[in-house]
Amino acid sequence: MCGRFTLTVDLLALQERFHFRYEGSLAPRFNIAPGQEVLAVIVEEGERIGKMMRWGLVPFWAKDARIGAKMINARAETIDEKASFRHAFKRRRCLILADGFFEWKKERTKKVPYRFTLKTGEPFAFAGLWERWDGPSGALETCTIITTRANELIAPIHDRMPVILPPERHEDWLDPRLDDSEYLKSLLLSYPQEQMQMYEVAPLVNSPKNDVSACIEPVNSRSMEGM
């Protein structure tokens, strides 16, 4: 699964890398949690647009927005079968921008948090889905992160990982006219472990109330990298 991630990169650098228009400011985020706002990139009228969306997808047919708390992730293997995700998979795919994510390793009586990034330190895009739900208080835009089988770096920590799309796959993933389910599912692969690295972080990150730079600082100099 993916239940916590980071986006600390400057907005201009993100726009240069992912080629989207965004109106507003963007503060560094060191511990993004479900139910919070995340930066997603979608295509509207042929243009890439950046939007803040609530993490936890609410299907358009839902009776209650609280269902989104159970929809923070979608499994790549069954994404075209589940009623909650089928519509978005066909027509409302997005990129969810990040520069790292966290997983926890069980060690006896405690869980130890680790942060995963690209070795280059560059930001990247999770494969995501989004929906617009019309509720009593108006329209609500929400999203979910797609997960797949963990690569060899992450597997000792968790058996799942978020799908990180390489840049050459972004255009196809975002294209609302493309509805070839088998092809789209073929894009949802484990990211190469040799291009990633991980390191232990402090238990500070365990609480979503903590959103400070200390959440991403290594607890020691030991870094575990993909081979």
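Reader: On what basis are the local features and totals reported?

Author: This is a predicted model, in which local features need pLDDT of at least 70 and side-chain atom pairs count only at pLDDT 80 or more, while totals for chains, interfaces and linings use all residues. Residues are numbered from 1 along each chain as its sequence is written, and side-chain values use heavy atoms, with hydrogens and water left out.

Reader: How many helices and strands does the protein have, and why does it count as compact?

Author: Helices (H or I, at least four residues) and strands (E, at least two) are DSSP runs, numbered from the N terminus. On that basis the protein has four helices and 14 strands. The globule rule (2.2 Å times the number of residues to the power 0.38) is compared with a radius of gyration taken over C-alpha atoms. The protein is as compact as a globular protein of its length, because the rule gives 17 Å for 227 residues and the radius of gyration is close to this, at 17 Å.

Reader: What percentage of the residues of the protein count as buried?

Author: Buried means under 20% relative accessible area, exposed over 50%, and partly exposed in between (1.4 Å probe, protein chains only). The C-alpha trace spans about 45 × 35 × 35 Å along its principal axes. Of the 227 residues, the share that counts as buried is 50%.

Reader: Is Ile146 buried or exposed?

Author: Ile146 is found in strand β10 (residues 138-149). Not counting residues up to four places away in sequence, Ile146 touches several residues (contact means heavy atoms within 4.5 Å), including Ile79, Leu129, Trp173 and Leu188. Ile146 and Ile79 are 67 residues apart in sequence and 8.4 Å apart in space, C-alpha to C-alpha. At 0% relative accessibility, Ile146 counts as buried.

Reader: What distance separates the C-alpha atoms of Asn31 and Ile79?

Author: Asn31 is found in strand β2 and is buried, with a relative accessible area of 0%. Beyond four places in sequence, the residues that Asn31 touches include Phe5, Phe102, Asp211 and Cys215. Asn31 and Ile79 are 48 residues apart along the chain, and their C-alpha atoms are separated by 26 Å.

Reader: Which strand gives the most to the lining of the largest pocket?

Author: On a 1 Å grid over the protein atoms alone, a pocket is an open set of points with protein on both sides within 12 Å along at least five of seven lines, a cavity is a set where a 1.4 Å probe fits but cannot get out, and lining residues have an atom within 4 Å of a point. The largest pocket has a volume of about 210 Å³, where a volume is the space filled by probe spheres set on points joined across faces, edges and corners. Its lining has 16 residues, of which Met1, Glu103, Trp104, Lys111 and His158 lie nearest its centre. The most, five residues, comes from strand β7 (residues 100-107).

Reader: Which strand gives the largest share of the lining of the largest cavity?

Author: A search of the whole structure finds one cavity of 30 Å³ or more, and the largest cavity has a volume of about 40 Å³. Its lining is formed by Leu7, Leu26, Arg29, Ile32, Glu37, Val38, Leu39 and Met52. The largest share, three residues, comes from β3.

Reader: Is Arg108 buried or exposed?

Author: Most residues other than glycine have a negative phi. Arg108, in the loop between β7 and β8 (110-118), has a positive phi near 60°. With a relative accessible area of 88%, Arg108 is exposed.
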